[in-house]
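Please work through the exercises below with the sequence and the structure open beside you. Try each task before reading its solution.

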Amino acid sequence: MNGARVLLGVSGGIAAYKAAALTSTLVQRGAIVDVIMTAAAERFVAPLTFASLTARPVYTALWDAPERIPHIRLVREAQAAMVVPATAHVVAKLALGIADDLLTTALLAARIPIAIAPAMNDAMFEHPATQAHLATLRERGYEIIEPEEGYLAEGERGVGRLASEERLIESLARMLSPQTLAGRRVAITAGPTREAFDPVRFVSNASTGATGIALAREAMRRGADVTLILGPTLLVPPPGVRTVRVNTAAEMLDAVLKHAVGADIAIASAAVADWRPAQHSEEKMKKSGDAMSLSFEPNPDVLAALGERKGKTLLVGFAAETGDHDRNAREKLRRKHLDAIAVNDVRGGAGFGTGENALVLLWGEDGRTDLGRADKETLAARLLDAIEGMKRA
Ligand code: CTP
């Protein structure tokens, strides 16, 4: 979000304090945040809180600096706007076009993407009036970030709790990204597979799925319809991505044949186990004091199976190599019918379970782009840029 200009509207609900935490996160990620507070919001949180967090003036009234026409200036300077929390009152005013304070006036004058995060008592949220206003706003292209079910300030449970900070940030990131993959179907495999040989033991590898999850998040931000086929990992897949959970290579193959065939872009970042134990014991194996050995049989190659059904899909594989990288990776590219292959050097375990990675993308006969060393989010963005470039070419 480096340098992104964000307009944050805060209206008067108890969740206004969460808008302060959100502001802090956005500023830490490099966004420049202008905050407009309604009069009711000022009863819950002081403007000083937001001014301190953003190191910028906070706007509370149309008449603060009338010579600068703040409602027009603020929406012209911002790339996206968000109302967190949006009360029933503000939702109703926005739907009806009532512009009677700085926030509603500014948003009526806005030609930028706007997201609304309602938070209120569950009965107020479910009321047909509120629902009708939200439907109107949705029709007009506002993004409604639905509230969640959970503990409400009245001490009860219900639907009306402000969406999590992660969901709020995800919506904002999407509004700020050029929608270069809008209408495209993208399928991504990620994570390890787990091949069991008794009810509690398995063979697996050190992949966490972080690269594939970062790719899924970035593709979703660019407007794609994303399916993530994810092996066992403790990492949480991004909200807004359709995630299909699998354990074994065989399950991953089934899921890929179901969800990835016919996609516009398919990226195989999973570290699929090449072998699985040849026997599986229904009972937990007992130790006997003797050495024990397992025999293995080959697993299906998920990516190669997809390559055989390639059609118009732009197919990208990964190659984990410890030596003679380009030659080995090009051989995989040809053998699996890929359009491109992202090579990472896994000597010494690099890339697995770490925040950083280094990738080189090989394509066609001799195409080669060094994507450099960076955190996995940055590399995911560079890889998608390169893939989009190939799609256009
Ligand atoms: N892959 C797959 N199914 C497998 C093995 C690999 O889909 N059973 C995919 C990976 O997701 C990756 C690519 O194939 O995109 C290459 O994986 P890699 O492990 O580097 O290559 P292998 O084909 O397994 O070859 P080797 O282990 O001999 O280097």
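The exercises that follow concern a predicted model, and each task is followed by a worked solution.

**Exercise 1. The two domains**

Describe how domain 1 and domain 2 are placed and what lies between them.

Solution. Taken over C-alpha atoms, the centres of the two domains are separated by 38 Å. Next, consider the contacts, in which five residues of domain 1 meet four residues of domain 2. The area buried between domain 1 and domain 2 is about 540 Å², and carbon and sulfur atoms give 53% of this area. On the side of domain 1, Glu166, Glu170 and Arg174 supply 78% of the area buried against domain 2, more than any other three residues.

**Exercise 2. Charged pairs**

Find how many salt bridges the whole structure holds, and how many are counted between domain 1 and domain 2.

Solution. Side chains of opposite charge can pair when their charged atoms come close. The cut-off needed here is a side-chain nitrogen of Lys or Arg within 4 Å of a carboxyl oxygen of Asp or Glu. A search of the whole structure on this basis gives 24 salt bridges, and the count between domain 1 and domain 2 is two. The side chains of glutamate 170 and arginine 221 form a salt bridge, with an N to O distance of 2.8 Å. In another pair, glutamate 77 bridges to arginine 5, and the closest N and O atoms are 3.1 Å apart. Glutamate 77 belongs to helix H4 (residues 70–77) and arginine 5 to strand S1 (residues 5–10), so this pair ties together parts that are 72 residues apart in sequence.

**Exercise 3. Backbone geometry**

Examine the peptide bond between valine 84 and proline 85, and then the phi angle of alanine 55.

Solution. As background, most residues other than glycine have a negative phi, and most peptide bonds are trans. Valine 84 and proline 85 are joined by a cis peptide bond, with omega about -10°, and proline 85 is placed in strand S4 (residues 80–86). Alanine 55, although not a glycine, has a positive phi near 55°, and this alanine sits in the loop between helix H3 (47–54) and strand S3 (58–59).

**Exercise 4. A nonpolar surface patch**

Which residues make the nonpolar surface patch of about 330 Å²?

Solution. The patch is made by Ile14, Tyr17 and Phe44. To place one of these residues in the fold, note that tyrosine 17 is found in helix H1, which covers residues 16–28.

Terms used
Residues numbered from 1 in each chain as written. Predicted model: local features only at pLDDT ≥ 70, side-chain atom pairs only at ≥ 80, totals over all residues. Heavy atoms only, no water. Patch = residues over 30% accessible without salt bridge, like charges linked within 9 Å, V, L, I, M, F, W, Y side chains within 5 Å. Areas by Shrake-Rupley, 256 points an atom, 1.4 Å probe, with all protein chains shown as cover. Helix = DSSP H or I, 4+ residues; strand = E, 2+ residues; numbered from the N terminus. Domains from an automatic or database assignment. Contact = heavy atoms within 4.5 Å. Buried area = accessible area lost by both parts, 1.4 Å probe.
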